[in-house]
Amino acid sequence: MAAPSAMNKQPWEFVVVDDPEMLAKIRQDMTYGRQETPLAILVCVNEEKARNDLNIDSFWIQDCSAVTENILIAVSSLGLGAVWLGVFPVDDFIIALSKTLQLPDHVIPFSLLYIGYPDEQKDAHTKYTEEAVFWQQYGNRYSK
Ligand SMILES: Cc1cc2nc3c(=O)[nH]c(=O)nc-3n(C[C@H](O)[C@H](O)[C@H](O)COP(=O)(O)O)c2cc1C
């Protein structure tokens, strides 16, 4: 929850699930997320907390992305493994998880994290590629 958030609204809320029956229901809801782990965390936005004076209503997507990434980093620092499953903006997943986890209307599920014990430890690696970086203006190649 140390993640940055637009206007410091911290609009995120979390549902932590370790009940095997609930985890099984969640796996049914997630077509591309059937991994079996002993823990899941659903990251949600509480739209009432996200409301701001500028009436900009979608900054929360960035807030929830930052908080999700922070969880991944924290999980990894504990020697555990996690996978980020995209929930928002897929209507089927939003509707199914909202029902399973009894979310009120003003709470929208954003991402689901499955957390468990990794089968393998991978060395830290980068996906850095110069092709994705431009210098001063788009189109100018950047090289180190
Ligand atoms: C928004 C988002 C949605 C994702 N959805 C899924 C998913 O539904 N199922 C899954 O197995 N992985 C999902 N992932 C994980 C990606 O597949 C994974 O990050 C990518 O393949 C790169 O692998 P790496 O993170 O191990 O480097 C998602 C990641 C993000 C950021």
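Predicted model: local features only at pLDDT ≥ 70, side-chain atom pairs only at ≥ 80, totals over all residues.

**Helix 3, what covers it.**

**Stepping back to the whole chain.** I counted 4 helices and 4 strands in the protein chain. Reading along the sequence, I get the order β-α-β-α-α-β-α-β. The C-alpha trace spans about 50 × 45 × 25 Å along its principal axes. Of the 144 residues in the protein chain, 21% are buried. I also checked how far apart in sequence the contacting residues are. Taking the contacts with a separation of 6 or more, 74% are between residues 24 or more positions apart.

**Back to helix 3.** This helix runs over residues 60-77, which is 18 residues. From first C-alpha to last I get 26 Å, close to the 26 Å expected at 1.5 Å a residue.

Which residues of helix 3 are buried? My list is Trp60, Asp63, Cys64, Val67 and Thr68. They sit on the same side of helix 3, because the arc they cover around the axis is only 130°. The spacing in that list made me recall the general rule: an α-helix has 3.6 residues a turn, so residues three or four places apart point the same way.

On the face away from the buried side of helix 3, I found the exposed residues Ile73 and Ser77. Just after helix 3 comes Gly79, and its phi is positive, about 80°.

**A loop residue.** Next I looked up Arg34, which is in the loop between helix 1 (20-29) and strand 2. Is Arg34 buried or exposed? Arg34 has 11 C-beta neighbours inside 10 Å, so it counts as exposed, the cut-off for that being 12 or fewer. I also checked Arg34 against Leu23: they are 11 residues apart along the chain, and their C-alpha atoms are separated by 9.8 Å.

**The ligand.** Last stop for today. Which residues are around the ligand? I noted Tyr32, Gly33, Val83, Trp84, Leu85 and Gly86. Sorting this shell by type gives 4 nonpolar residues, 2 polar ones and no charged ones.

Methods: Residues numbered from 1 in each chain as written. Near = placed C-beta within 6 Å. Nonpolar A, V, L, I, M, F, W, Y, C, P; charged D, E, K, R; others polar. Helix = DSSP H or I, 4+ residues; strand = E, 2+ residues; numbered from the N terminus. Expected span 1.5 Å × (residues − 1). Buried ≥ 20, exposed ≤ 12 C-beta atoms within 10 Å, placed from the backbone. Arc of directions from axis to C-beta. Contact = placed C-beta atoms within 7 Å.
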